[in-house]
Amino acid sequence: MYLSLAKHKNRLKKMFSTPFNKISKRTERKLTFSIASLFFIASIVMLYLNKPLKNDIAPNGIISFEFANTLERSQEILASWTPLTKIFVGIGLGFDFLYAVIYSLFIAIIIHKINTYLWSKKPFYRYGNLLIWSLLAAALLDTLENICLIKLLIGNTKQHWASMAYYFASTKFLLIALAILYSVANSILILSKKRS
């Protein structure tokens, strides 16, 4: 019975492990620096591409388009953008396929570092690992959302593209928000432990 419980625990441990668990500390440091640098550069590019998209109809630029939810609202936003602006939309959506991978890896490696520092060999450790996998799901949702938005951009006027983009975006942002909340809460815990 003890052996079967030990095997069950090992299976759970493997199931909740992440690719970061298999790399050396030195590789992890290099990877963290590389991903952080890429994230910083890619975020500036995304902000630059989104700036021309902001107007009275789409105050948040591409995010307004993501959360349009109805075909009528999507078309209203598209109509508010000039042909030049729509080129920015297309480039931004194309670049976002790469950005989804970058930001998910960036947040994931931060969670991994926090998780290893605070919760290594403790039951709570698996929740951090679960969040790391959820960020990969967020990147996939972002990719699916981009496909829906591209369909609308090129003139495919079907309600389901607007609806799917909305639900993919909502779920993606929820997963990202949970991951950021976990990172912030645990960072505060680390700081309080260091001060005490």
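This is a predicted model: local features need pLDDT of at least 70, side-chain atom pairs count only at pLDDT 80 or more; totals for chains, interfaces and linings use all residues.
The exposed residues Glu72 and Ala79 are carried on the face of helix 4 that is turned away from its buried side. In helix 4, which spans residues 71-80, the buried residues are Leu71, Ser74, Ile77 and Leu78. These residues lie on the same side of helix 4, because the arc they cover around the axis is only 125°. An α-helix has 3.6 residues a turn, so residues three or four places apart point the same way. The buried residues of helix 4 pack against helix 3 (62-66), helix 5, helix 6 and helix 7 (159-195).

Helix 5 also takes part in several helix pairs. Two packed helices are described by the angle between their axes and the distance between the axes. For helix 5 (residues 83-119) and helix 6 (residues 125-153), the axes come within 8 Å and cross at roughly 175°. Helix 5 and helix 6 are therefore roughly antiparallel to each other. The contact of helix 5 with helix 6 comprises 19 nonpolar, 9 polar and 3 charged residues.

Helix 2 packs with helix 5 at an angle of about 145°, and their axes are 8 Å apart. The crossing in which helix 2 passes helix 5 is left-handed. By class, 19 nonpolar, 5 polar and 4 charged residues form the contact of helix 2 with helix 5.

The axes of helix 5 and helix 7 come within 10 Å, crossing at roughly 35°. This crossing of helix 5 and helix 7 is likewise described as left-handed. On the helix 5 side, the residues that meet helix 7 include Tyr103, Ile107, Ile110, Ile111 and Ile114, and also Asn115, Tyr117, Leu118 and Trp119. Among their counterparts in helix 7 are Lys172, Ile176, Ala179, Ile180, Tyr182 and Ser183, together with Asn186, Ser187, Leu189, Ile190, Lys193 and Lys194. The contact of helix 5 with helix 7 divides into 14 nonpolar, 4 polar and 3 charged residues.

Individual residues were then examined in their surroundings. Aspartate 142 lies in helix 6. With a relative accessibility of 1%, aspartate 142 counts as buried, because the cut-off for burial is under 20% relative accessible area. When neighbours within four places in sequence are left aside, aspartate 142 is in contact with Asp96, Ala100, Tyr103 and Lys172. Although aspartate 142 and lysine 172 are 30 residues apart along the chain, their C-alpha atoms are separated by 6.5 Å.

Isoleucine 150 is another residue of helix 6. A relative accessible area of 28% makes isoleucine 150 partly exposed. Not counting residues up to four places away in sequence, isoleucine 150 touches Leu93 and Phe97.

Threonine 18 is located in the loop between helix 1 (2-15) and helix 2 (25-50). Its relative accessibility is 2%, and threonine 18 therefore counts as buried. Apart from neighbours within four places in sequence, the contacts of threonine 18 are His112, Asn129, Ile132 and Trp133.

Terms used: Residues are numbered from 1 along each chain as its sequence is written. Side-chain values use heavy atoms; hydrogens and water are left out. Axes are lines fitted to C-alpha atoms, for helices over the stretch in contact, and angles run from 0 to 180 degrees between N-to-C directions. Helices (H or I, at least four residues) and strands (E, at least two) are DSSP runs, numbered from the N terminus. Angles under 35 degrees count as roughly parallel, over 145 as roughly antiparallel, 65 to 115 as roughly perpendicular and the rest as oblique. Ala, Val, Leu, Ile, Met, Phe, Trp, Tyr, Cys and Pro count as nonpolar, Asp, Glu, Lys and Arg as charged, and the others, Gly among them, as polar. Buried means under 20% relative accessible area, exposed over 50%, partly exposed in between (1.4 Å probe, protein chains only). Contact means heavy atoms within 4.5 Å. The arc is that of the directions from the helix axis to the C-beta atoms. A crossing is left-handed if the near helix is turned anticlockwise from the far one by less than a right angle, and right-handed if clockwise.
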